[in-house]
Amino acid sequence: MDFDALFSGLDRHTLDGITRGSIYALVALGYTMVYGVMKLINFAHSEVFMVGTWAVLGVYTALGVSAGAGLAVVIGATLLALLAAMLASAGTALAVERIAYRPLRKKGAPPLIFLITGIGCSIVLVEIFGQVFKVFFGAPFGRVTVNIPSVLQTKELFTIPGLDLTITNTRVIIIVGAIVMMLALDTFVNKSRLGRGVRAVAQDPDTASLMGVNRERVIMLVFILGGAMAGVAALLYTIQYDITKFDIGFIIGLKAFTAAVLGGIGNLRGALVGGLLLGIAEVYASTIWSSEWANVTAFVVLVVILMFRPTGLLGESLGKARA
Amino acid sequence: MSQILDAYRGLKLRDRMSGAPGWVRKVGMLLVIAFAFYLPFLNILPFAYIRTDLTSSGSDWASVLFLVVVYMIVAVGLNVVIGFAGLLDLGYVGFYALGAYSVALFGSPSSPVVEAIQNRFGLDETWAVPFVMCIPIAIVMALIAGVTLGAPTLRLRGDYLAIVTLGFGEIIRITARNLDNVTNGATGISGVPVPPGPEIDGRSFFNTIDAERWYWLALSILILIIFLAFRLEHSRVGRAWLAIREDEDAAAIMGVAAFKFKLWAFAIGASVGGIAGLLFGSKQQYVEPNAFMVNLSFLFVAMVVIGGSGNIYGVLLGAFLLTYLPERFREFQEWRPFAFGVALVVVMILRPQGLVPSRRRAREFEDRKVEAEEAAADA
Amino acid sequence: MPDPSKSETVLDTTAADAPTTVAPDTSDHDALTIDVGPEGETLLEIDHVTLRFGGVVALNDVHFSIKRGEILGLIGPNGAGKTTCFNVMTGVYTPTSGEVRFSGKVISGTKPHKINQLGIARTFQNIRLFPEMSALENVMVGCDARHKTSVMGALFRAYRVRPAEHQLPQNPLRRSLAKVFGVSRHTMEERGGRIKSMELLKFVGIADRAHELSRNLPYGYQRRLEIARALATEPELLCLDEPAAGFNPAEKEDLMDLIRRIRDLGHTVLVIEHDMKLVLGVTDRIVVLEFGQKIAEGSPEEVARNPKVIAAYLGEPDDAA
């Protein structure tokens, strides 16, 4: 236990936590939206995120960019990578929905079975990058950690006076990017016609379908939106950590899910709050104990929340419905 | 796929079995058990092709059989949780690990826990808790873990429970890896004790070479556990679980203490998992955290749901297929997880009730399908 | 109230396959009689109970009591709060204010299964059987509420009891074993539960389809099965939530008879019902609810004459209020 380490660098650790938390929050959106509409934990969502990181790597490799390119190239490549990651993740999410969930919906299978096929899809996706692609394409696929060129290099922007806190460009991009994306999504769900459909189905699927909302289309939409957000998270993750691996999804997925529950699953703003809080809690915990225990922190937080406030901090609502 | 299954259904093995007189069933059961005990020596063609050691790179046949039976124990235990009580437990590997670690921590002379006890009481360096005493320790440890985990979480919605248990499985593994001064961390613990037995040819009865003895031991335990599981299923406890699954509120109003019985299911499942882990750890004589990855939990759940949750024969089949097939086709080892994932998705989509479902479950699924179709037709 | 029953009764009793009218039950049901305290004592008291859901007042200061041994009717128009009242009594909801006392003990806020153990059982307006269980098994779940064996008893069967002579098995070997070692309490309870459940099915008149899945039973059978399942928990107070819903007049007659026979076994009965004829015919006393408030209470004759009740039922403006 090392509280000195925590308090001597409280501001730095908080910033670290917010950075991590922004990524969790973006991934959490996918869980929360799918849960809100289908009352289902999309177990394969962690892999949707993982696919996004590979898409970023794919774009960088195809463009042949590497660290130290000119500003215009950096911006262009990053935006292209963002687009590719969003497309790849959204596509994966949609594929999972089509292959694993839709047939079961038609059969009216109980929720447990959805969870099992979700797990199955998750394993298949992991193995596609860990095994199948390795056999067909060779490196960089396989069961190893892969470096992603840090196209966007970390630069110190300014130092907050008095706090000795250095703000870098990557942090700004990650935090601002995440928040902008979340605001955009929130506005979309609350203001647009399609978003109204989403909320209607979340509140009461039967009435919504009587009112002419196409449930299948809404489900497709939330998978696409959730996938796209995971794609954004994937890009931000690669900016921060410069790596990917066939199985990075699992732990991030679990934490993002924890974040969603923490904020109140089904609640978009809850995902942001939950993500940030979890990120901060984790960084604090790993400073006090050791980084090995960061994962344990997330689970302990999850259990405590579920015990004392199972509807999360902000309550569960994608409309205002309780599950 | 479904043609094969239809052909199988045409046999109506189950109807023939249940239609046969009592003594025929008993004799049949005895023959099956006798055959199971004989399996390690199976050498009659063409049946010998099921052996896994036909090529030099194959796995030891008796060891494979042992693993199959240990996983069958796991499946029967997890079936109490998933199949009987209807609770999805994705952290079952945690209990399995606890069982293995209990016997290692208390039974191995080189474990930090035993060393601490030796120093504290000035005991001999070879002293450790005897194997027979480790059995209740393992069961109680798993039981306590099951109750501690279940008590706060069993009131939650089913899918929350799944995630919390998943976290629990990971916590057990991470703890085992990081508590260096208790569990030796990633190094693991060697010198795990084996059951007592007469010495034969200068070796203890249970050793690393004669795997068939381990298999017989595990098989005997499996038979005992199946017997007890049937007793539970056909008692007021089984009825209570079924009532809870069908309509929890109505069951509570009819006097069924729903939470108590769910907690019992969890505790029973946990202790059976502990027993399976104990057997595994003891046979390996070595326990390390990486043997208890989260994937194992998925494998366990898959055994139950692919086999047919709620039906003990079904989950035995599930455990057999998912343990035996990868060992039989070891040359495709790298493809195992991929094939497993694909099988999980395909089987669940084609046959969500499992390969050999319980009759009740099969009907439940049929009803839901009809309801879903009607709802689709309405829309 | 108009009485259209005559012509329909004829129609229905002549219908060959209608499983509606059940042959009078002739078997001896002494075994089903329950031990209760003295008749006429207050058994259940709803003491100024108010229940709010957000801004909606579902029950407003409702106050009445049930005496041991009586058949009390709880009536009122749709949405008057009858079922809500049941739910408060059986622990589904906890009242916002006020108390529910059973045999002098406060039970509001107690868990549903505990309330059942105290001696209150109920049926449901929309039938809630366990569909994948046979009729017999459904009743056995009710019997289990009074059984002492739990998981350990079912697993190891170590708790032995000495059976009476007539309870010994027929098989000579088993008979002598049972004499020496006794029989496990689990086995005794299981057998006893089965016998008692069968008796109950006979009592309500559906024993002919005891081994059929409850979901396959005809509607009238399902309603009766719910009553049998509730009786199996040996409740001092049995609450029936619209037991005659969907019944034809002949079936209603049978039901009235059944309710009286249930009372004769020693149970106190509370009936929620829409059908005024049934309620007036079978109850000793009636409580009338409207909009979550009690508007009348008294003997069937008094209630039937009460202008407020008539107004509530005919939906005319309530002059008295």
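**Contacts between the chains**

In this predicted model, the contact between chain C and chain B is made by 27 residues from chain C and 24 residues from chain B. On the chain C side, four helices each contribute at least two residues: α3 (112-118), α4 (135-144), α5 (151-156) and α7 (185-204). Which helix gives the most to this side? That is α4(C), with 5 residues. By residue class, the side of chain C that touches chain B comprises 11 nonpolar, 9 polar and 7 charged residues.

Let me turn to chains A and B. Here, 37 residues of chain A are in contact with 36 residues of chain B. The helices of chain A that each supply at least two residues to this side are α4 (71-107), α5 (111-137), α10 (249-263) and α12 (294-308). The most comes from α5(A), which provides 14 residues. As for composition, the side of chain A that touches chain B divides into 27 nonpolar, 6 polar and 4 charged residues.

Finally, the confidence scores. For the complex, the predictor reports an ipTM of 0.86 and a pTM of 0.87. Chain C has an average pLDDT of 84, and 88% of its residues score at least 70. Two stretches of chain C call for separate mention. Residues 1-24 of chain C have a pLDDT below 50, and this stretch has 25 contacts in the model beyond near neighbours in sequence. Residues 317-321 of chain C also fall below 50, and there the corresponding number of contacts is 4.

Thank you; I welcome your comments.

How values were computed
Residues are numbered from 1 along each chain as its sequence is written. Chains are lettered from A and ligands numbered from 1 in the order in which they are written. This is a predicted model: local features need pLDDT of at least 70, side-chain atom pairs count only at pLDDT 80 or more; totals for chains, interfaces and linings use all residues. Two residues are in contact if their C-beta atoms, placed from the backbone, lie within 7 Å. Ala, Val, Leu, Ile, Met, Phe, Trp, Tyr, Cys and Pro count as nonpolar, Asp, Glu, Lys and Arg as charged, and the others, Gly among them, as polar. pLDDT is the predictor's confidence in each residue, from 0 to 100.
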